[in-house]
Amino acid sequence: MDKRERLNKKIIIIFLGILLIVIFSRTIVNFITDYIWYKNIDYLSIFTVKIFTKIAIFIPLLILLFVGLNQYLKRLMKKYLLLGKVLLTEMQTKSIKKFTFWLPIIISFYFSLIITQSLWYKTLHFLNKTSFNQLDPIFGKDISFYVFTLPFLNSLLINSIVIVSLFIVITIIFYIAMAKFYPPEEGSLYDYNEISQRPNISSIFRKDLVKYGLRKVAAFGLLFFLLFAYYFYLKGFYLMYSARGVAYGASYTDINITLLAYRIIMIVSLIGAPLFAYSVLNNKRKIIVIIPSLIILVFVVMTGVAFVVQQLVVEPDEISKEREFLEYNINHTQYGFGIHDVETIDFDVSRNLTYEDIKNNTETIGNIRINDARPLKQTFNQIQVIRLYYDFYDVDIDRYHINGEYTQVFVSARELNPEKLIDSAQTWLNMHLKYTHGYGVVMAPVNKVTKEGQPELIFKNIPPITETELKIEKPEIYFGELTNEYIVVNTKEKEFDYPSGSDNKEIIYSGNAGITLGPLNRALFSIRENSLKMLVSTNITSDSRIIINRNIRERVQKLAPFIVFDNNPYITLNESNGKLYWIVDGYSVTSQYPYSQTYIFNRRDVNYVRNSVKAVVDAYNGDVQLYVYDEDDPLIKTYSKIYKEVFKPKEDMPEELKGHVKYPQDYFNLQGEVYRRYHVSNPMVFYNGEDVWDVSNEKFMDNVQKIESNYVMFRLPDEEKAEFSVILPFTPKEKPNMTSLLVGRSDYENYGKMLIYRFTKDRTIDGPMMIESRIDQDSTISPQFTLWGQEGSSVLRGNVIVVPIEDTLLYIEPIYIQADNKNAIPEMKRVIVAYNDKIVMEENLDDALKRVFDVIIEEEIEYTEDSEVLNELLRRYDELKNSMDELEEIINQIIKQYE
């Protein structure tokens, strides 16, 4: 090779190297910056566990594949040249050596990457599996086998088939490629320069080569039949997820016919593996054909038998044949969704509630919700945004001790939404350096409104003001639900803090969030964020810091991708330090729980869910803490083994934040959807669908919809004080009367416990839709709705709130009026209360309750007698009476003098 050729070769290598760097630069930069980010937030172990596990699988696999392929190709080449009596030139020999070196490297690297990616996570699960201490009813294996072991074994099987197939493909390609090298004819002069000028496919059919090739066929056939046998062995366990029968999971036909077929095919494959190899090597063609034919025959025949058994044996006597398997499905589904230990309370609804009972339950009555989050969001966005670039993304319900009272409130974060800036203001500097954070929260009690129908505000305005003992010391919100852009803090450009009159207050971030932008980091993050301005901006110094992943849900999901996080984070105030925190519920899920019915949750199929984690995110610094809230969950135990020191026990959560943990609605709604069918334990009743429930309907705003779960505060039986709970009413299928009320408890000492109020069946208990019908038919309320509608306003109906109180139920529904113009906001104008046969509508809840219990006049008199106003009137009356007496005396004296 002359100098020019060597130079050209170096140039090509350098060019290819640069090209590869350019192609993979984004991947490389993302990898490095992710490493920096995980290290910056003190969760580097989550990143390194993934990397080290992949390396531990990739490198040995790469070496084994390379050595195996390399040696295999060399042996193929050696045997081919020897048995085929093929001669090669020196140059061809060198070319083939390069081929047998570089091809295995490329193939091994590619397939090692693919296999590692598919295997690393399942390997961690397998190596750190935790027992469920429950056995499946068919094979007697612990549930952990299905959740952790079976996916790993199945992945191993698939990758083994891929590798064997790879060797087969390489063998075929090798023989086709080598066909162009052929031996010279006997007696001819052999010209090396003419070798490979014409192909000779027949050369690969030389007798010795054919024998050698048959040995390869025998070996590969042996391996394939063994893998085929193992495939059908594992396939038997996957019957636990069969959908053939009346319920999810293995059915009568699956166990008695399909499983038998799998075992027969497995045995035939095991026996056929060595027989096939023997037949190929000894040219026993009939046996070669018989073995796969027998497998196909067994599969076809048993499939037909399964169909016949299902149609002619099972379905005519389905309940008898499937009863056992229905019980398995019911029990495993109940456990899979955490509804196996719901406490049942037989609730005989009485009709003897008095106003004294109302006064004795002030904590419950004082927290009945007469506002609704959805119209309230619109209201907040009109009366409290202050400036156009603020936004209230969501309104959540929480509870606080305010002025000594346990109070249920609405709370919403005032976030900064840069997209609401005018187009000319959406500059790089404004979006990433200037407008960096939201400011404070708005808080309103659920049960109070102004005379205009607007919510009374506990926290309002900027800076936030309140007349309560609650204080917000750090109102800036750098991490939230709308913080989707990176920001750079500690720059020469001060940040906008909040508007003050016609001016703006500015600030320099004093928290610890962010990654220092030294020269290297600045270059890396400029590439990551596709921002040349970040690289050249003179406002950024070596002390500046970039803050990324600020959206709280994306932040926790990136931090712990193995946890499924809730779609509805909520902000809360730590009363002790005045700081704002986000709480995000996390779930450990799987779809591998045997016999458990699958449902869709968070856009994925699941049949096992636990609310195992609460993520707490500092709204100012972005610090994330992951607290385990279900210590018995085997999945979270496994994650804790894999990612050591990542999770903390719930006892370590600050006491003030424990008081704001609540039963997540998404999880509760899923459990409610499962429970409406799987509250039944009797397989006969379940099979016949005799006791299927529906979630109640209601009229909300101007639509009929399924009622949503609601947070309420009420006192449970045998409890001394009211609790913050979430409820969901059920009706019998396609019926309006209420049959039960599902309750999820939220207060810390009882967190996660569920109970069901089961109403008596000997009389009708009004469901929400029955209350709606009574409202529509009421001779006083319905005409009033019509009148408001004729006056150019829309009547909007809030949620029907079912409130258990003492041993009965109250129904509350707020009524909103909204003017028919673009900027009108809903105003809460009336409250409807229903109890027994009475239904009334008043301007406030107190008056409505008084009317329901016929105590309005009595209460007014009682109030008047005790009032300071009456005392003042009586005092003035006495003064006036005395004055009149004195005046009468004077007049009498004058008359006497005149006489």
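## A partly exposed arginine and its partner

Arg-715 counts as partly exposed, because its relative accessibility is 29% and that class runs between buried (under 20% relative accessible area) and exposed (over 50%), using a 1.4 Å probe and protein chains only. Glu-806 is partly exposed too, with a relative accessible area of 36%. The side chains of Arg-715 and Glu-806 meet in a salt bridge, 3.2 Å from N to O. This pair ties together distant parts of the chain, 91 residues apart: Arg-715 is in the loop between strand S24 (710–714) and strand S25 (723–732), while Glu-806 is in the loop between strand S29 (801–805) and strand S30 (808–819). Helices (H or I, at least four residues) and strands (E, at least two) are DSSP runs, numbered from the N terminus.

A word on the ground rules: this is a predicted model, where local features need pLDDT of at least 70, side-chain atom pairs count only at pLDDT 80 or more, and totals for chains, interfaces and linings use all residues. Residues are numbered from 1 along each chain as its sequence is written, and side-chain values use heavy atoms, leaving out hydrogens and water.

Side chains of opposite charge can pair when their charged atoms come close. Here a salt bridge means a side-chain nitrogen of Lys or Arg within 4 Å of a carboxyl oxygen of Asp or Glu, and the count by this rule comes to 35.

One of them joins the side chains of Arg-399 and Asp-747, at 3.3 Å from N to O. Arg-399 belongs to strand S3 (residues 396–402), and Asp-747 sits 348 residues away in the loop between strand S26 (740–745) and strand S27 (754–759). Both Arg-399 and Asp-747 are buried.

Glu-772 and Arg-797 make another salt bridge, with their closest N and O atoms 2.7 Å apart. Glu-772 is in helix H20 (residues 768–777) and Arg-797 is in strand S28 (residues 793–797), 25 residues apart. Shared partners bring Lys-699, Glu-772, Asp-776, Arg-797 and Glu-813 into one network.

## A positive patch

Arg-75, Lys-78, Lys-211 and Arg-215 form a positive surface patch. Patch residues have over 30% relative accessible area and no salt bridge, and like charges are joined within 9 Å. Helix H2 (44–83) and helix H5 (207–237) each supply at least two of the patch residues. Lys-211, in helix H5, is partly exposed with a relative accessible area of 47%.

Notes:
Patches are made of residues with over 30% relative accessible area and no salt bridge: like charges are joined within 9 Å, nonpolar side chains (Val, Leu, Ile, Met, Phe, Trp, Tyr) within 5 Å. Accessible areas come from the Shrake-Rupley method with a 1.4 Å probe; for residues, only the protein chains shown count as cover. Lys and Arg count as positive and Asp and Glu as negative; His and the chain ends are not counted. The place of a charge is taken as NZ of Lys, CZ of Arg, CG of Asp or CD of Glu.
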